[in-house]
Amino acid sequence: LIAFLLLTACPWLVSAANVEQLIQLTDYVGVDYGVAVLDGEIINPGEYGEMQDFSSAIVAQVSELPPSDASRQLAAQAAELARLIGRRADPAEVKTLAASMRQVFIGGYDVTVTPRRTPDLAAARAVYMEQCSGCHGMSGRGDGPQATLMYPPPTDFTERERYQDRTLLGLYNTITQGLEGTAMQSYASLSEAQRWALAFYTGQLATTGAEQGRGGTQFRQLGDDHPLNRLDYVATHTPAEVQAAYGADGVAVMAFLRTHPESFFSATSGTQPLEFSRIK
């Protein structure tokens, strides 16, 4: 009875779980639309049909969100996203709109966008080898022994172009919820810490050691108030968005931070002091 009364009094609680799925679907459209359409022509009918289905699902699910400034803005954006896909718009337009919607979702709803403790990449690699490599391959190239039986094929995490358009939050949401219409199942049975660690692990497979080293040097020169010194910013922005804002040096810093998330939890880093205090 108490639960019923709470849900009746606070309708946003009913839809809170749906927001993470909406972020996931929107990010997926932003990343994959570019392999479906080129110069106004459909180059992959299967992918294009999937983009149409997902954009329709986004419109329907956004319409079910409780009325608010955020939901009204998202309703207009979702309709525009479906319209852009329907007229086979340039992928850059779709990507920009999807990125804007992601930030509205995050800002308008109580969405957890960062891990609560330092992701353990060594432990994540062990989990990946045990549970993910059969599809995604030992090195993340999407060439595991089961991959030949799957359509669409498993993600190639080493593909640089798609790496540029993925957020850590998007990877975490996909690991948590799976992706309907694909062989990607939910791994919600893993702990939250394991899922975040897997997001960081898979999210850095397209980077290089040289890039990470250069990024580490650049990171140590950042001021405490720089956005790349904030875990929430790094988790919710793509390398492409960082490149547009901070150039190649920013992308290198992103590569370093995806490989060294402990940088956000160090007692001597000067960043995220409340987060560090809560963890300790």
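**Exercise 1. Determine which residues glutamine 204 touches, leaving out those up to four places away in sequence, and whether its side chain is buried or exposed.**

*Solution.* The coordinates belong to a predicted model.

Step 1. Glutamine 204 is placed in the loop between α10 and α11.

Step 2. Once residues up to four places away in sequence are set aside, glutamine 204 touches Leu121, Gln212, Arg258 and Thr259.

Step 3. A polar atom of the glutamine 204 side chain lies 2.7 Å from the backbone oxygen of tyrosine 201. This pair falls within the 3.5 Å limit for a polar contact.

Step 4. The relative accessible area of glutamine 204 is 11%. Buried means under 20%, so glutamine 204 is buried.

**Exercise 2. State how the axes of helix α6 and helix α10 are arranged, and which residues make the contact.**

*Solution.* 

Step 1. Helix α6 spans residues 121–131 and helix α10 spans residues 192–202. Their axes come within 8 Å and cross at roughly 90 degrees.

Step 2. Angles from 65 to 115 degrees count as roughly perpendicular, and α6 and α10 are therefore roughly perpendicular to each other.

Step 3. On the α6 side, the contact is made by Leu121, Ala124, Arg125, Val127, Tyr128 and Met129. On the α10 side, Gln194, Ala197, Leu198, Phe200, Tyr201 and Thr202 take part.

Step 4. Sorted by class, this contact has nine nonpolar, two polar and one charged residues.

**Exercise 3. Find how many residues of α10 are buried, and what covers them.**

*Solution.* 

Step 1. Eight of the 11 residues of α10 are buried, and the helix is mostly covered.

Step 2. The buried residues are Arg195, Trp196, Ala197, Leu198, Ala199, Phe200, Tyr201 and Thr202.

Step 3. The cover over these residues includes α6, α9 (168–177), α12 (231–236) and α13 (239–259).

**Exercise 4. Describe the packing of helix α11 against α13 and sort the contact by class.**

*Solution.* 

Step 1. Helix α11 covers residues 209–219, and its axis is 7 Å apart from that of α13, at an angle of about 100 degrees.

Step 2. The two helices, α11 and α13, are therefore roughly perpendicular to each other.

Step 3. From α11, the residues involved are Glu211, Gln212, Arg214, Gly215, Gly216, Gln218 and Phe219. They meet Ala248, Asp249, Val251, Ala252, Val253, Ala255, Phe256, Leu257 and Thr259 in α13.

Step 4. By class, the contact of α11 with α13 has eight nonpolar, five polar and three charged residues.

**Exercise 5. Identify the backbone features at aspartate 39, arginine 88 and proline 152.**

*Solution.* 

Step 1. Aspartate 39, in the loop between β1 (37–38) and β2 (41–42), has a positive phi near 55 degrees although it is a residue other than glycine. At 70% relative accessibility, aspartate 39 counts as exposed.

Step 2. Arginine 88, which is not a glycine, has a positive phi of about 55 degrees. This residue lies in the loop between α4 (69–86) and α5 (91–108). With 33% relative accessibility, arginine 88 counts as partly exposed.

Step 3. The peptide bond from tyrosine 151 to proline 152 is cis, with omega near -5 degrees. Proline 152 has its place in the loop between α7 (133–136) and α8 (160–163).

Definitions and conventions
Residues are numbered from 1 along each chain as its sequence is written. This is a predicted model: local features need pLDDT of at least 70, side-chain atom pairs count only at pLDDT 80 or more; totals for chains, interfaces and linings use all residues. Side-chain values use heavy atoms; hydrogens and water are left out. Axes are lines fitted to C-alpha atoms, for helices over the stretch in contact, and angles run from 0 to 180 degrees between N-to-C directions. Helices (H or I, at least four residues) and strands (E, at least two) are DSSP runs, numbered from the N terminus. Angles under 35 degrees count as roughly parallel, over 145 as roughly antiparallel, 65 to 115 as roughly perpendicular and the rest as oblique. Contact means heavy atoms within 4.5 Å. Ala, Val, Leu, Ile, Met, Phe, Trp, Tyr, Cys and Pro count as nonpolar, Asp, Glu, Lys and Arg as charged, and the others, Gly among them, as polar. Buried means under 20% relative accessible area, exposed over 50%, partly exposed in between (1.4 Å probe, protein chains only). A polar contact is a pair of N or O atoms within 3.5 Å; within protein, one must be able to donate a hydrogen and the other to accept it, and residues adjacent in sequence count only if both atoms are side-chain atoms.
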